[in-house]
2 protein chains.
Amino acid sequence: MKVKTDNYTIYLQHWDEVGDWISAQSYSHHFILVDENTRKHCLPVLDQYWKDLKYTLIAIPSGEENKILSTAKYVWDQLLTFGADRHSLLINLGGGVIGDLGGFCASTYMRGIDFIQIPTTLLSMTDASIGGKLGIDFQGFKNMIGLFTDPKCILIDSVFLDSLPFGELRSGFAENLKHGLIADKNFWEEIKDLNLQSKIDWNPIIQRSVEIKKDVVSKDPFEQGLRKILNFGHTIGHAIESFHLKAGATILHGEAIAVGMYCEAYLSREVGLLENETFHDLIQDLLEIYPIVDHSIWDVDQLIAMMSKDKKNRDQKIMFSLIENVGHCVFNKEMTKENILEALQYYQLNEISTLS
Amino acid sequence: MKVKTDNYTIYLQHWDEVGDWISAQSYSHHFILVDENTRKHCLPVLDQYWKDLKYTLIAIPSGEENKILSTAKYVWDQLLTFGADRHSLLINLGGGVIGDLGGFCASTYMRGIDFIQIPTTLLSMTDASIGGKLGIDFQGFKNMIGLFTDPKCILIDSVFLDSLPFGELRSGFAENLKHGLIADKNFWEEIKDLNLQSKIDWNPIIQRSVEIKKDVVSKDPFEQGLRKILNFGHTIGHAIESFHLKAGATILHGEAIAVGMYCEAYLSREVGLLENETFHDLIQDLLEIYPIVDHSIWDVDQLIAMMSKDKKNRDQKIMFSLIENVGHCVFNKEMTKENILEALQYYQLNEISTLS
């Protein structure tokens, strides 16, 4: 299966075709960026499919806390040291950190070399690798430094999910759910009750998510308008994620986004976009999948201050993308600090999960 | 006078029109990037024309040695601290360092905010500000990290040249000369004997240079082919510039490019593109303008090693753009290390100038 965008193709499991394409380009060097997990679990798969590929490995430590300027500097330095020229290729084999940071480094090294994304987590397969958003965190703010550049192609193989920890799988699943909530009610209904602990055929789920995201992005590549709907759950979610990161109580992206979707569904109801019953069903569905995060550490004023640095804002106003029923989403909705506070407090009424 | 490119306009002295355009955009914040020199000499001019413009000033130290990642980090940090959002504008008021680094920071801050270039040196008016090349030096290599992004507009006013030190003027003039050598024999003839110490009407010179550069760039914005002709003098010139920078004996860009044009004219003759007599006239003209740099400190092997990291190379081969008579230029010409060594040694036959 392939999904074509204007500028590149997303291949599902076509290792041979992508391998042949790489050979045909006659790159002067191939580099593969990994972290310690993808080096162990994913690189052997790549090696098996692409037996003849010669490459230089660049390894960085895993984790969002390493998606920072000093790591980017290390990658640029390795590219330079091992003689990368403009006709080199960087293959990013990993999750969102590898894809975002590797893509950022590639697209700024010598003003841009080619790169390919091979996402290895559900999150990056369904979300991060598509849409050309690249970047690093800066001063504790997510993706503050970055740019838009498309990869040469994306190669997705759900085989990598077999080695993915359950928490990571559930984290990525938040983006599948989001795609349903903002754009496809049927998709939401189909997946919301899935038992993630059971054996799942991820291919159709990934494919549908990729199609939804691609459709939105192709209509608004630089996030002038419509693309903002992909940020449902992310205004509050990013602040939660950053706050927990700074507090040393890191939570996974999707766990934070689940909190964000919970609170932003609350805001959607607040402004009359979501009926009360639908809202309660929705948050119940979310709570059945995602444990309640440790909200006892929250400083709500600080959380709201962090939202005021969100990239979607204008003139210090905090702007939201909110759902209109299930399956539709509107953007550029300004909410007051009082509204947001109330939404956060509503979440805090839930008892903190001791299980994860 | 205006020069239009596909994506933006280069205004010569139209302060009112650009000022009106800025107002009409309703940016949420305006930032102006300066160094200590442009703050003193150029900002008062801007303040006089744009009396009502409210802005936050970001000041960085002048000089190529500050066109580095730590300075970029400082600019990003200042933007963040002073609340720059996606709808902010950065005005880069200065020479190549300000334009390249400021443009790089703007086009990566929150994945890109608008920026305007107001070049204040002859070099940046005729060369650096046009063509969308942005970036910083890295590990001693020029412009190793960067990207292509066009400014919203460029505003050129030769009034800034009145406060420019003579050495800087002569440095920038090397790019005017280069534009003549690669693309316009008449232009070369007109300007090569100018007395730079006298009062000169720079407007027609800047205009012609801007037109030449714009024509080349518009045909090949991402330097896939033709644009490489703008690199005449720069393969050797960049290595010389980097070498002197590392050695703590910094020379100006145009001084290094003059050496580069000298040596690459030698290579052009070597491969039969330039007649012997034309070659001798040409280097004589260059020597009358540019003092011989301190070549006694050169380590020619190291210089050649540095050229092998040039961004135009492929597969470690050192590629040159060479002139074919005066007024034409060809690109992708591979030269051997022996050829390059010979060209450098030919330059070293000149006695080092004690004057500058």
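D310(A) is buried, with 21 other C-beta atoms within 10 Å; a residue counts as buried if 20 or more other C-beta atoms, placed from the backbone, lie within 10 Å of its own, as exposed if 12 or fewer do, and as partly exposed in between. The model is predicted, and local features therefore need pLDDT of at least 70 and side-chain atom pairs count only at pLDDT 80 or more, whereas totals for chains, interfaces and linings use all residues. Residues are numbered from 1 along each chain as its sequence is written, with chains lettered from A and ligands numbered from 1 in the order in which they are written.

D310(A) is placed in the loop between α13 (300-307) and β10 (319-323) of chain A, where helices (H or I, at least four residues) and strands (E, at least two) are DSSP runs numbered from the N terminus. When residues up to four places away in sequence are left aside, D310(A) touches T235(A), H238(A) and I318(A), contact being defined by C-beta atoms, placed from the backbone, that lie within 7 Å. T235(A) is 75 residues from D310(A) in sequence, yet the C-alpha atoms of the two are 6.8 Å apart in space.

Chain A is assigned domain 1 (2-163) and domain 2 (169-348), with bounds that come from an automatic or database domain assignment. The C-alpha centres of these two domains of chain A are separated by 26 Å, and 24 residues of domain 1 are in contact with 28 residues of domain 2. On the side of domain 1 of chain A that touches domain 2, two or more residues come from each of β2 (9-12), α6 (122-128) and β8 (141-148), and α6(A) gives the most, with 5 residues. The residues of this side divide into 11 nonpolar, 8 polar and 5 charged; Ala, Val, Leu, Ile, Met, Phe, Trp, Tyr, Cys and Pro count as nonpolar, Asp, Glu, Lys and Arg as charged, and the others, Gly among them, as polar.

Helix α11 (residues 253-270) of chain A packs against helix α12 (residues 276-289) of chain A at an angle of about 175°, the axes being 10 Å apart. These axes are lines fitted to C-alpha atoms, for helices over the stretch in contact, and angles run from 0 to 180 degrees between N-to-C directions. α11(A) is therefore roughly antiparallel to α12(A), given that angles over 145 degrees count as roughly antiparallel, those under 35 as roughly parallel, those from 65 to 115 as roughly perpendicular and the rest as oblique. A258(A), M261(A), Y262(A), A265(A) and R269(A) of α11(A) meet N276(A), F279(A), L282(A), I283(A) and L286(A) of α12(A), a set that divides into 8 nonpolar, 1 polar and 1 charged.

Between the chains, the contact takes 28 residues from chain B and 28 residues from chain A. α4 (69-81), α5 (96-108), β7 (133-138) and β8 (141-148) of chain B each supply at least two residues of the side that touches chain A. A rotation of 180° with 0.0 Å of shift along its axis superposes chain B on chain A (RMSD 0.0 Å), which is the relation of a two-fold axis; the superposition is by least squares on the C-alpha atoms of residues with pLDDT of at least 70 in both copies. Because 100% of the interface residues of chain B are also interface residues in chain A, the copies meet through the same surface.

Key:
Contact = placed C-beta atoms within 7 Å.
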